[in-house]
Amino acid sequence: MAGFVSYHEFITNNLRMGKPGRTQRKRLRQKRMNISGSNLKPQVLLEENYISLLKWAKRNGMVFKKIRPAIFSSTGRGMLAIERIHSSECVISVPERLLITASSVLESAIGNYVAERMKGGAKSSNDYLLVLFLMYEKYLEKGSFWAPYIRTLPDTFNTPCYFTRKELFLLPEQCREQAFEQVTQIKQSYKSFAKAYNDVLQDFDCNFWRTVDFESFKWAWCVVNTRSVYHDEPNRRAQPIDGNCALAPLLDLLNHCDKAEMCGRFNSSSKNYEINVITEYQKGTQVFINYGPHDNTRLFLEYGFVLPRNVHNSYRFTRSTILSHLGMSNSFLSNAKEELIERNSLTRDLSCVSSEGISWNLWTFLGVLALPEAIVSQWDMILSNKCPDKLKGKIEMWARLLLQRELSDLVTYNSGLQDIDPSDNSRLALHLRQDQIDILKESLLLL
């Protein structure tokens, strides 16, 4: 697959010992700041479903004067600035009546019926209520007030539960474990949902209930979990509900960017959910929101996408991997070092980050390994960066050796994955694997 290199090419062209020069560091920073990988002109979405959504939204009080749904070569669907947008400007305002929340669901026909029938019974979670509501409104088709919104929702997602087993096994190991856990969780949630709501919904609308299966539940579950925003308005109706999420039509077409600066909140005065941008946008550019400092593994697991160059990407080592690459075993560590590592939780974040290099914990952990037994009690010299040059050189040497050997293993393993079927899910998995290589390469440059 394009983007992967042989181990020989990598060692020859990319592994550089020591610190990068000023020009090299500047190029590295510029690479990280590049958001879009293409200059192709975005195309405003003029399909009937999107025209209907915009008319419906405007008719019901939503304000979005300077943005329109569009297709971008780098992200797919997103929001296009049709005029210049200034800092602090509100780009979209969604009235409370157009937010799908647990409270609003409880005021709907199906929500009210379920609440009355289940009163004093099992607790209804926010997620379950929203999932139930979405499935029912989709079943109603044109008879639903929410039809213009539901028609523009994706039919499928790129989250782990939409991966085949073969595609799941393409994921990096740590990500793969979390992906399998998520798939298991959704299957268990469906069983719990079906058991809790079976009798109630059979009585409410047996024809609707017959349309509910794992696939429809999975779709609605993914809509809620990938497209909801945090909503801190208190419930208007006494009900044992957990969580504070809401679905906001049209607003959920705004894509995430790790560099976007914005503020999203429910305005208790205007009773609108508003997005105010801090970043300025020129006409013809994509407008973004920011989900927070998430690396690509978390973005994939929770939302089903990755960023081309994510400044928050991290690579995590296990203690056993570190010791193995350095030719050590647990018996190498004295009781004093073991106690030091345990007391200060030094194995909690053994990682490196694209924009920062190796973590403080990883540097300190390597420092403790390198400390002569006679001066273990003076380990705070590592914290204050007052290590003797010989000790500091040993820590740097071990850090470089660790990254190089882990990198070599990854490149060798990934070289056998180049003939994979090019499905969207496979490309996501391979992108995450390439991320690991890029993180280690950049961390080496920052040593």
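So, start with Arg427 and Asp424: both sit in helix H18, three residues apart, which is about one turn of the helix. A salt bridge here is a side-chain nitrogen of Lys or Arg within 4 Å of a carboxyl oxygen of Asp or Glu. Arg427 is partly exposed at 36% relative accessibility, and Asp424 is partly exposed too, at 47%. For the cut-offs, buried is under 20% relative accessible area, exposed is over 50%, and partly exposed is in between, using a 1.4 Å probe and protein chains only.

Quick housekeeping. This is a predicted model, where local features need pLDDT of at least 70, side-chain atom pairs count only at pLDDT 80 or more, and totals for chains, interfaces and linings use all residues. Residues are numbered from 1 along each chain as its sequence is written, and side-chain values use heavy atoms, with hydrogens and water left out.

Now, how many salt bridges are there by this rule? The count is 12. One of them pairs Glu89 with Lys66, at 2.8 Å between the closest N and O atoms. Glu89 is in the loop between strands E3 and E4, and Lys66 is in the loop between helix H3 and strand E2, so this pair ties together parts 23 residues apart in sequence. Then there's Arg117 with Asp203, at 3.1 Å, N to O. That pair links distant parts of the chain, because Arg117 is in helix H5 and Asp203 is in helix H9, 86 residues apart.

Arg433 is buried yet has no salt bridge, and the nearest side chain of opposite charge, Glu173, is 7.7 Å away. For charge, Lys and Arg count as positive, Asp and Glu as negative, and His and the chain ends aren't counted. What does the side chain of Arg433 reach at 2.6 Å? The backbone oxygen of Leu170. Leaving aside neighbours within four places in sequence, Arg433 is in contact, meaning heavy atoms within 4.5 Å, with several residues, including Phe169, Tyr413 and Leu417.

H18 also lies across strands E11, E12 and E13, running at about 85° to E12. That angle is between N-to-C directions on a 0 to 180 degrees scale, with axes fitted to C-alpha atoms, for helices over the stretch in contact. Those three strands make an open sheet in the order E11-E12-E13, with antiparallel pairing. E11 and E13 stand at the edges with a single partner strand each, so one side of each is left without a neighbour in the sheet. E11 and E12 pair over three bridges, with Tyr315 partnered to Cys352 in E12. Two strands pair if DSSP finds at least two bridges between them.

Last stop: E2 and E3 run antiparallel, joined by six bridges, and they form a hairpin with three residues between them.

How values were computed:
Helix = DSSP H or I, 4+ residues; strand = E, 2+ residues; numbered from the N terminus. Polar contact = N/O pair within 3.5 Å; in protein donor to acceptor, adjacent residues only side chain to side chain.
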